[in-house]
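Try each task yourself before you read the solution.

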Amino acid sequence: MTADPAGRPASHADLFDTAQAQGIITPEQAERLRTLAAESSPPPPPPQTPSHEPSTGGTSTGDGGGGLANIGTRVAEALGYVGAALAIVAGVFIAQQFWADLTPWAQTALLGVVAVALLGAGAAVNGPIGTPTGRLGSFLWVLAVAATSATFGVYASEVANIGDSDLALWVTAPATILAAVLWRLRERALQLITVTFGIAGVSMAILTRIDTTVVLWGGLLIWALGIAWMLLAYARVLAPLRAGLILGALGALVGPLFMFEHTWALFLGLGTAVALIVIGVGKGITVLGGMGVVALFVYIPRIVFEYVGDGLAAVVAMLLVGIVLVAVAIIVARRRPDT
Amino acid sequence: MSVPEPRPTRAVAAIVASAVVVIAAVVVILTVGLVPLPDLPSLADDPDPAIVGTIAYVHGTWEDSCIAVTPASGGESRDIWCGRQPPDQLAFTPDGLLLVSGWPERPVDVDGPIVTVIDPQTGNEVDEVRPDGRVPGTWVPDRTRRDDETVLQIGSREEGVAELRVGAPGSEPQTIVRLEGPRDYEFVEAQWSPDGAWILAVDSRGRLIVVGADGTPAARLLIDTDGDPWLATRIAWWIPDNTTYTIDPADLAQD
């Protein structure tokens, strides 16, 4: 952490204590942050020599040697993921050579073993948030959920001969339950993403089971789940906060797009985008405001083309809307007191 | 800086609000988005003796299907043969034996399918015939055309509306059945009864429906196969002493 303008070093511990006292973070989160800060902080610099020569080796003396060490760590991590991806792809190709020769039970068992192995590996690699081991552990658990989904999918289709109408539930529901358990164990962004997509998948599978035509209304359910996600994240029921808000906003903005047969859904998406911009600006949550702005670029042209057509009038209408938005932004900015 | 709300209260409020939003969406979907199937009187509950004959149909899955027979008037149906692969076509012989082509575990001959003759009373296989150079699907007669050349037409002109149309020679087809359902609802198969007095249709939910030749009596549900509607298109109707749409196995045998 950099020093304040007065030159006094800011204290991580003081910051975390204040945040905990104000209920911004839980005691558990504060402790984890203190641990992370302690592990990430560079060792104290050696005593200054008259020549002020920078120390050599792995010490961090500002942005010179410490920056190089960070770059090296990130490169190593990136190489690790690339290597893992290559290994996975190669493993899939190898498995394809003998997959057809396996009985359905053997196929199921093989996938189950892979899932369990990934679960164990992810449990063993449990680093703090923001560290390479932390990210690797989260990624391994994402793969474990995917392998679980595949296990149940193969079992349902090849062993139990489950009909198509129920197959989607077998593929999504067990994996989503596992994803939720893993998220409760480690409230990390990747685990939250896995749970989110799992719940979306289960929801769509249930709608499909009710009636295949109801799936066209699934976008409304995705929108509702997105709103719920943002509410729960903001109330700290879902963690991490940022991931929860982003996932929720994504669902709320994308959901209406799936209801392309219902033009009123475009207005739902537009309203959601505007609401996110207002909330983002009002609460200082820049990412929500940014996502809302991007969504405007999607929904406004679609609405204009839907109701005005694709001629010059439509383009002029969009120009006018854009000018109005800029004017509103200037007015709002001028009325807000500087903070 | 103002003191924030105690977290449990905010969390409870968020959970309640989230539940309300999701439940509201589900209610809208189920009330507005879910269009029910047309509710038809059931011949199983109220058989009509005016509808004569026996109907054979297929139900189950593509991996595990069964051929069943049921009185055309309605009533109990009976599985007569179950295998892994569904047949391509069904037809009756003049004396009421069932002809089944492309039956499970039989190799499909390059010159045409093997047609198995089954006794619907016992479910036993009584003969096997190899059609003379015919490709699958063309050895059954056209059951959409009646003896007087009146034709049956299916096909939706509106989304979610299943229609049956009947066209006498020289005249425009007239709609005799119009059923509203979900957006993909339609008839996928229809054929005349051997006596030309009834129409047997299959809807996109795999339900076998019987209706009078001119739309009267109105459509009634014979069987809900509760399966793939394209399996249910394998249907055949036999009336004793009526050889319309029947096939003599001897006519199929190779020279």
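**Exercise 1: the disulfide**

Over all chains, the structure holds one disulfide, meaning a pair of cysteine sulfur atoms within 2.5 Å. This is a predicted model, so local features need pLDDT of at least 70 and side-chain atom pairs count only at pLDDT 80 or more, while totals for chains, interfaces and linings use all residues. Residues are numbered from 1 along each chain as its sequence is written, chains are lettered from A and ligands numbered from 1 in the order in which they are written, and side-chain values use heavy atoms, with hydrogens and water left out.

Task: find which cysteines the disulfide joins, and work out why it is right-handed or left-handed.

Step 1. The partners are Cys66(B) and Cys82(B), with an S to S distance of 1.8 Å.

Step 2. The torsion about the S-S bond of Cys66(B) and Cys82(B) is about 110°, so the disulfide is right-handed.

Step 3. Now place the ends: Cys66(B) sits in strand β2 (residues 65–71) of chain B and Cys82(B) in strand β3 (residues 78–83) of chain B, so 16 residues separate them and the pair links distant parts of the chain. (Strands are DSSP runs of E, at least two residues; helices are runs of H or I, at least four; both are numbered from the N terminus.)

Step 4. Cys66(B) counts as buried because its relative accessibility is 11%, whereas Cys82(B), at 44%, counts as partly exposed. (Buried is under 20% relative accessible area, exposed over 50%, partly exposed in between, with a 1.4 Å probe and protein chains only.)

**Exercise 2: chain B overall**

Task: say how many helices and strands chain B has, and what share of its residues count as buried.

Step 1. Chain B has three helices and 15 strands.

Step 2. Of its 255 residues, 48% count as buried.

Step 3. For contacts (heavy atoms within 4.5 Å) in chain B with a separation of 6 or more, 47% come from residues 24 or more positions apart.

**Exercise 3: the largest cavity**

Task: name the residues that line the largest cavity.

Step 1. On a 1 Å grid over the protein atoms alone, a cavity is a set of points where a 1.4 Å probe fits but cannot get out, and lining residues have an atom within 4 Å of a point.

Step 2. The lining is Ala91(B), Phe92(B), Arg143(B), Ala236(B), Trp237(B), Tyr245(B) and Thr246(B).

Step 3. Two elements of chain B, β4 (89–92) and β15 (235–238), each give two or more residues to that lining.

Technical notes. On a 1 Å grid over the protein atoms alone, a cavity is a set of points where a 1.4 Å probe fits but cannot get out, and a pocket is an open set with protein on both sides within 12 Å along at least five of seven lines; lining residues have an atom within 4 Å of a point.
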